[in-house]
Amino acid sequence: MQTNQMNELQYLLQSNLSQLVDNNMMAMANPLYQVQKWACVSSNSATSDEAEDQQQMSIINERKQRRMISNRESARRSRMRKQQQLDELWSQVVCLRNENHQLIEKLNHALDTHDRLLHENAQLKEDASDLRQMLAHMHLNSPPPLPSASSTSQFH
């Protein structure tokens, strides 16, 4: 320890020792001094306890106040997060509705094209059938083919 600290400790020790001696001397000289001293201490103790209680209540109230403020801030942040999530979900709803509308338009276009192609296919099948019938009718009405010179020489 440094000398300044040593000197301070010695001074405190001496002053406390002298108070202790003075108190003892007073107690020996006057027996009521001790009772008066304790009454004063208990009175100070009661006020001291009340002050401590008030201080503890004040600390408790401060903690409650800080906790209440913290809870309010936490609730505010939670509401902001929920609002942000809700806004994002609404944005998704709008995008999905637009995409759904576009897909419905594509589907309707594909269905129209399908119906048109089915009708066109039926018409082409009908035309093909008519052409086959005309071709078959032409073969029946035509005279038999004449034998050619090369085909007659084979039989002789």
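Visitor: Where does UniProt place the feature "coiled-coil region"?

Guide: The unreviewed UniProt entry puts this feature at residues 107-134; UniProt positions are given in the numbering used here, feature names are shortened, and annotations may be inferred rather than shown by experiment. In the model, which is predicted, local features need pLDDT of at least 70 and side-chain atom pairs count only at pLDDT 80 or more, whereas totals for chains, interfaces and linings use all residues. Residues are numbered from 1 along each chain as its sequence is written, and side-chain values use heavy atoms, with hydrogens and water left out. The span 107-134 is 100% helix and 0% strand, with its end C-alpha atoms 40 Å apart, where helices (H or I, at least four residues) and strands (E, at least two) are DSSP runs numbered from the N terminus.

Visitor: How many salt bridges does the count come to?

Guide: Side chains of opposite charge can pair when their charged atoms come close. A salt bridge here is a side-chain nitrogen of Lys or Arg within 4 Å of a carboxyl oxygen of Asp or Glu, and the count comes to three. One of them joins Arg 116 and Glu 120 at 3.8 Å, N to O, both residues lying in helix α2, four residues apart, about one turn of the helix.

Visitor: Which residues are linked in a network of salt bridges?

Guide: The network links Glu 73, Arg 76 and Arg 77: Glu 73 meets Arg 76 at 2.4 Å, N to O, and Arg 77 with closest N and O atoms 3.8 Å apart.

Visitor: What is the relative accessibility of Glu 73?

Guide: Glu 73 has 31% and counts as partly exposed, a class between buried (under 20% relative accessible area) and exposed (over 50%), using a 1.4 Å probe and protein chains only.
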